[in-house]
Amino acid sequence: MSLVKLSIKGISYSQTQNGAYALILNEVDGERKLPIVIGAFEAQSIAIALEKEIKPPRPLTHDLFKNFAERFDITIKQVIIHKLVDGVFYSSIICERDKIEEIIDARTSDAIALALRFNAPIFTYKNILDKAGIFLKANPQDTDKGSQEIDDILSNPETFGNEEDNSQPSRAYIKNSLQELNELLEQAIQIEDYEKAAKIRDEISRRES
C-alpha cells in the first residue's frame with residue numbers, strides 16, 4: 001500500500017456543536033482533505049504546537065513527552081494514520097533510539113501533537129484517503145459555506161471519522177441542556193455509576209470552558 005503525505009490545514013471549531021473540533025489534514029500532492037474529530041484538550045495542544053510563538057508557562061502533556069524523549073535520545077521519525085475501522089482512525093508513531101526503530105500505537109491527535117513537536121512528517125495510506133478524504137468546496141472567501149461543511153463533519157463523526165478517545169462517548173449527551181446534564185450527573189453519582197458520571201462531567205466541562 002502506498003503512503004500519502006499529509007500537512008495540517010488547521011483546526012475548526014463547530015459553531016453548533018459545543019466542544020467539538022475537527023482537525024483538517026491536507027493531501028500534500030492533491031486536493032483532498034482528511035477531517036478527524038478530536039477533543040478540546042487535544043485541539044488546544046495541537047494549536048499551541050502550530051503557533052510557535054505561544055509558550056505555556058508549564059509543559060503540557062505532549063511537551064513533557066518530548067522533553068522526556070529527548071532526555072533519553074528518542075526521536076520521532078514519522079507518524080502514520082494506518083487504519084480506519086468503524087469510523088475510528090488508528091495511528092502509529094515510528095520512533096528511533098540508538099538506530100533501532102520502534103512502532104508505538106497512539107491516538108491520532110496525540111501522534112500528530114507529537115509529530116509537530118518533533119517536526120516529523122505525517123502520512124496515511126492511499127486506501128484510507130480514498131475512503132475518508134473529502135473535497136471542501138468552499139472558497140476561502142466563502143466562510144459561511146466552509147463553516148457549514150465543518151459543522152456537517154463535526155455533527156457526523158461516524159461518517160467522516162474520529163479518533164478513539166475518552167471525549168467521544170460523552171457526545172451521547174450533546175443534545176441535553178446544561179441543567180439536564182447536572183441532574184443526570186447527580187443521578188449517576190447516587191447510583192455509583194462513575195463511568196457514566198465521568199462522561200457527563202466531561203460534557204459539562206466542555207460547555208463551561
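1. Ile-76 touches Phe-65, Ile-93, Ile-94, Cys-95, Leu-114, Phe-118 and Ala-120, leaving aside residues up to four places away in sequence, where a contact means heavy atoms within 4.5 Å. The residue is placed in strand 4, and helices (H or I, at least four residues) and strands (E, at least two) are here DSSP runs, numbered from the N terminus. With a relative accessible area of 6%, Ile-76 is buried; buried means under 20% relative accessible area, exposed over 50%, and partly exposed in between (1.4 Å probe, protein chains only). The C-alpha atoms of Ile-76 and Ala-120 are separated by 6.4 Å, although the two residues are 44 residues apart along the chain.

2. A word on the basis of these remarks. This is a predicted model, in which local features need pLDDT of at least 70 and side-chain atom pairs count only at pLDDT 80 or more, while totals for chains, interfaces and linings use all residues. Residues are numbered from 1 along each chain as its sequence is written, and side-chain values use heavy atoms, with hydrogens and water left out.

3. Taken as a whole, the protein chain has 8 helices and 8 strands, and buried residues make up 44% of its 209 residues. Among contacts between residues at least 6 apart in sequence, 58% join residues at least 24 apart. The accessible surface of the chain comes to about 12200 Å², of which 49% belongs to carbon and sulfur atoms; accessible areas come from the Shrake-Rupley method with a 1.4 Å probe, and for residues only the protein chains shown count as cover.

4. Strand 4 (residues 75–85), which holds Ile-76, pairs with strand 5 in the antiparallel sense over 9 bridges, two strands being counted as paired if DSSP finds at least two bridges between them. Within this pairing, Gln-78 stands opposite Ile-94 in strand 5. The hairpin of strand 4 and strand 5 has 2 residues between the strands, and Asp-86 there takes a positive phi near 55 degrees.

5. Strand 5 (residues 88–97) has 7 of its 10 residues buried, so it is largely enclosed by the rest of the structure.

6. Helix 3 (residues 108–118) is mostly covered, 11 of its 11 residues being buried. Asn-119 follows helix 3 and has a positive phi, near 55 degrees.7. Ser-45 is found in helix 1 (residues 40–50) and, at 0% relative accessibility, counts as buried. Its side chain makes a polar contact with the side chain of His-62 (2.6 Å); a polar contact is a pair of N or O atoms within 3.5 Å, where, within protein, one must be able to donate a hydrogen and the other to accept it, and residues adjacent in sequence count only if both atoms are side-chain atoms.

7. Strand 1 (residues 3–13) is joined to strand 2 by 7 bridges and runs antiparallel to it, with Leu-6 opposite Glu-27. Strand 2 is also joined to strand 3 (residues 33–38) by 6 bridges, again antiparallel, and here Asn-26 stands opposite Lys-33. The hairpin formed by strand 2 and strand 3 has 5 residues between them.

8. Helix 7 (residues 178–190) has 13 residues that, at 1.5 Å a residue, should span 18 Å, and its end C-alpha atoms are 19 Å apart, which agrees; the expected span is 1.5 Å times one less than the number of residues. The buried residues of helix 7 are Leu-181, Leu-185 and Ala-188. Seen down the helix axis, these fall within an arc of 65 degrees, so they line one face of helix 7, the arc being that of the directions from the helix axis to the C-beta atoms. An α-helix has 3.6 residues a turn, so residues three or four places apart point the same way. The face of helix 7 turned away from its buried side carries the exposed residues Gln-179 and Gln-190.
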